[in-house]
Amino acid sequence: RDFKVGGTRRLRLPPPDDVLNPLLTVMVAIAERTLESGQELALLQLMVNFFVDGGAATESHSFGCRQVCVSLGASREVILEG
């Protein structure tokens, strides 16, 4: 699922996705802790990928902004560059 947010500082998902709201609260708190003086948080997008097992993955990609990534379920390898 792909939720476009458009630069807001908070995100609350409606049912049935509201089960993710506690996790979103923690992710936003982590993001806020990384801000430097004078910076403001602007949430742009939430992407939720469902993988049946640890063998599935997304294609290599990059973003022009900072991001918080969380993986739930089977363990997997994450490659970070930059």
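1. Arginine 9 and glutamate 32 form a salt bridge, with their closest N and O atoms 4.0 Å apart. A salt bridge here is a side-chain nitrogen of Lys or Arg within 4 Å of a carboxyl oxygen of Asp or Glu. This pair links distant parts of the chain: arginine 9 lies in the loop between β1 and α1, glutamate 32 in helix α1, and the two are 23 residues apart. Helices (H or I, at least four residues) and strands (E, at least two) are DSSP runs, numbered from the N terminus.

2. This is a predicted model, in which local features need pLDDT of at least 70 and side-chain atom pairs count only at pLDDT 80 or more, while totals for chains, interfaces and linings use all residues. Residues are numbered from 1 along each chain as its sequence is written, and side-chain values use heavy atoms, with hydrogens and water left out.

3. Arginine 9 counts as partly exposed because its relative accessibility is 40%. Glutamate 32 is also partly exposed, at 28%. The terms are set by relative accessible area: buried is under 20%, exposed is over 50%, and partly exposed is in between (1.4 Å probe, protein chains only). Salt bridges that share partners join Arg9, Arg10 and Glu32 into one network.

4. How many salt bridges does the structure hold? The number is four. One of them is between lysine 4 and aspartate 2, whose closest N and O atoms are 3.0 Å apart. Lysine 4 has a relative accessible area of 62%, so lysine 4 is exposed. Aspartate 2, at 41%, is partly exposed.

5. Another salt bridge joins arginine 1 to aspartate 17, with the closest N and O atoms 2.5 Å apart. The pair connects distant parts of the chain, 16 residues apart: arginine 1 is in the segment before β1, and aspartate 17 is in the loop between β1 and α1. Arginine 1 is exposed, with a relative accessible area of 57%.

6. Is aspartate 17 buried or exposed? Aspartate 17 is buried, because its relative accessible area is 15%. The loop that holds aspartate 17 runs between β1 (2-8) and α1 (21-33).

7. The side chains of aspartate 17 and arginine 1 also make a polar contact, at 2.5 Å. A polar contact is a pair of N or O atoms within 3.5 Å; within protein, one must be able to donate a hydrogen and the other to accept it, and residues adjacent in sequence count only if both atoms are side-chain atoms. Apart from neighbours within four places in sequence, aspartate 17 is in contact (heavy atoms within 4.5 Å) with Arg1 and Phe3.
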